[in-house]
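Welcome! Here is a short tour for someone meeting this structure for the first time. Take a look at the view below, and then read on.

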Amino acid sequence: MSKKVKSSKEKKKKLSFKTIISNNLFALKIIWTASPVYLFIYLSSSIVYGTLEFLTGTYLLRRIVNDVSSGKPISDVLIFTAILGVANLLINLALNWFWNVTSQRMHRSISMYIQKMLFKKSAEVELACYENPEFYDKYVRAMDEAENRTLSVMRTLDNLIQRFTTLFANSFLLFLIDPVLILFGLFPLLLGFFKRLENINDHKFQLARKPVNRRVEYIRRTFYLGEYAKEMRVGGMYENMLRDFMETTKAYIALAKKFGVRSAIFGYIQKVGLEVVTILGATLYTVWSTMVIGYENGGMQLGDCLVVLSSIGSISYCLNNLVQNFAEFGEHALFLEDVRYFLNYEPTVVDGSDKVPDEGREITVKNLSFKYEGAEHDTLKDINFTLHKGERIALVGSNGSGKTTLIKLLLRLYDPQDGEISLGGKNIKDFTLSSYRGSFSTVFQDFKMFSMSVKDNVLLRPEKEGDAELVKNALKESGAAERVERMEKGLDTILTREFDDKGENLSVGEQQKLSLARIFADHTPFVILDEPSSALDPIAEYKMFENMMRATEGRSVIFISHRLSSAVLADRVLLMDNGTIVEAGTHKELMAKNGKYAEMFKRQAENYLGSEVSKNEQ
Ligand code: ADP
């Protein structure tokens, strides 16, 4: 993956003209797919507005001055003005309705379409992506910018069309009066070069400050999130965070200065170029042509002089903004490059085509080795074991021995570099990810509660008929029923008070019980529990495991527990050390072997329950 990230970064430095066009077309295609009517009305209204602006401004002025100075009857001008007025009223009424009523709805459906695409992709990218800071930065940028940039392409195109319309109409008029004037009008095009430099500078600034902002965001979280509250109040962590905050602020100020100076220079050149060369130059030329040369010697008429002075401003403004529009397309393209990269990202954990059979089969892990990206050594080395149908395996071992990594591979959150995992004799890569992962119920140590109802948090899927009863039983099994019964809205209570005054905040132990109910509510053939009981006391944990063993009768279970007392309940124990399975067998067999497992068990039993129990267990 790092290769892919790198090549996209190289492209980012300077996008080719073709890429700029293609990225902007990509955005327009999204809007077109989401709502073709919206795009059509949005863009065609620009031509209407542009034409109206020209007719009611420059053209009307010229007509009035010329008609009055040549002695034509005033009624012609009045009729023309009245027609323009009525057209203006009707068109504005229709477009106003569109912008304020219809457009809101269409705008929302386009946003929804874009967000849905991003969410779908987010769920597809493998976990390894989250561990790659470069990919993660792009991912965050894509999520932040996709909607805004896609719609901005349409806005920029809209401005462009409107300006082209005004430009075309005004230039044609100036050309008829004196072709030399076009030269003044075209000068702002040269300034486009500086506009482009300014935009590239802005984009670089945005990229440079993203990691700084991420760090600030993290620091902010450590101050307000409950999970950091204890550590932040004990010892000197508060000061460390504050120091980090000051340092990131300094880094931000240094960046703002570096990029701000460049921005000021590019902006100044454009302003002076436009106001001094174009506007002043054209004014001097027109006044000279009218006053010094005079109409009789081929100079301009007084009426034309007025029109020129009014429309040269419009042309310069339009041209300068046209340049800006083109530069904006370049800027949009840079951001859309991230969006496209993200949406086109092909996950390395690829979907298979077969559906997992409903009834449980055995899972075989054969010669499995795995290394995290960027790690020096294999985290898992040559793992071999079979999880038989209906068997309960306890996976034990010291911290960092590779237990969670093995679980992640079993769930296909990562694919192994060597060896294979098969289900019913078939490589798990052959199954569709949704059906394969869907055949597991899992509870992790770092499980998360969602700010949704108790029911949703237990089911973790859309509700079906009869689910309320299922959830109630599951809560009973996991020991959380009593707590939920005390809640005013029962199963419909929203967890956390963030979005609901009547919501409930649960303690970690209560949350853990609730998350365990997920296992009981879902009758999948496989169950994986990664230290699900770490927040419970040893007695409660033992009880919970007993419950669980009962409730998962007939299902294949792998559980990790740092307390070996629960391993007694398993059919088989696998002891991991330094990425390999060093001992395997029933609790009794391993105790009889008197190896590493027996040593760990005795030590723990003494710590928790006193030496008597450890003697009895043997
Ligand atoms: P356990 O669950 O037995 O405590 P883990 O599977 O979590 O062990 O970790 C095994 C080893 O892999 C540890 O050395 C850990 O630092 C490393 N590790 C875990 N997750 C990652 C990761 N995402 N990237 C790199 N190394 C990791």
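## Before we start

Two residues are said to be in contact when they have heavy atoms within 4.5 Å of each other. Please keep in mind that this is a predicted model.

## A lysine in helix α4

Let's begin with K121, which is part of helix α4, the helix of residues 74-124. Is K121 buried or exposed? Its relative accessibility is 9%, and because buried means under 20%, K121 counts as buried.

Which residues does K121 touch, apart from its neighbours within four places in sequence? They are F342, L343, N344, Y345 and P347. With L343 there is a further detail: the side chain of K121 comes to 3.3 Å from the backbone oxygen of L343.

## Around the ligand

Now let's turn to the ligand. The residues that surround it are E131, Y372, T379, S398, N399, G400, S401, G402, K403, T404 and T405.

Y372 places a polar side-chain atom 3.3 Å from a nitrogen atom of the ligand. S401 takes part through its backbone, where an N or O atom lies 3.2 Å from an oxygen atom of the ligand. In T405, an N or O atom of the side chain is 2.4 Å from a ligand oxygen atom.

How much of the ligand's accessible area does the protein cover? On its own the ligand has 560 Å² of accessible area, and the protein covers 62% of that.

Terms used: Residues numbered from 1 in each chain as written. Predicted model: local features only at pLDDT ≥ 70, side-chain atom pairs only at ≥ 80, totals over all residues. Heavy atoms only, no water. Near = heavy atom within 4 Å. Polar contact = N/O pair within 3.5 Å; in protein donor to acceptor, adjacent residues only side chain to side chain. Areas by Shrake-Rupley, 256 points an atom, 1.4 Å probe, with all protein chains shown as cover. Helix = DSSP H or I, 4+ residues; strand = E, 2+ residues; numbered from the N terminus. Buried < 20%, exposed > 50% of the residue type's maximum accessible area, 1.4 Å probe, protein only.
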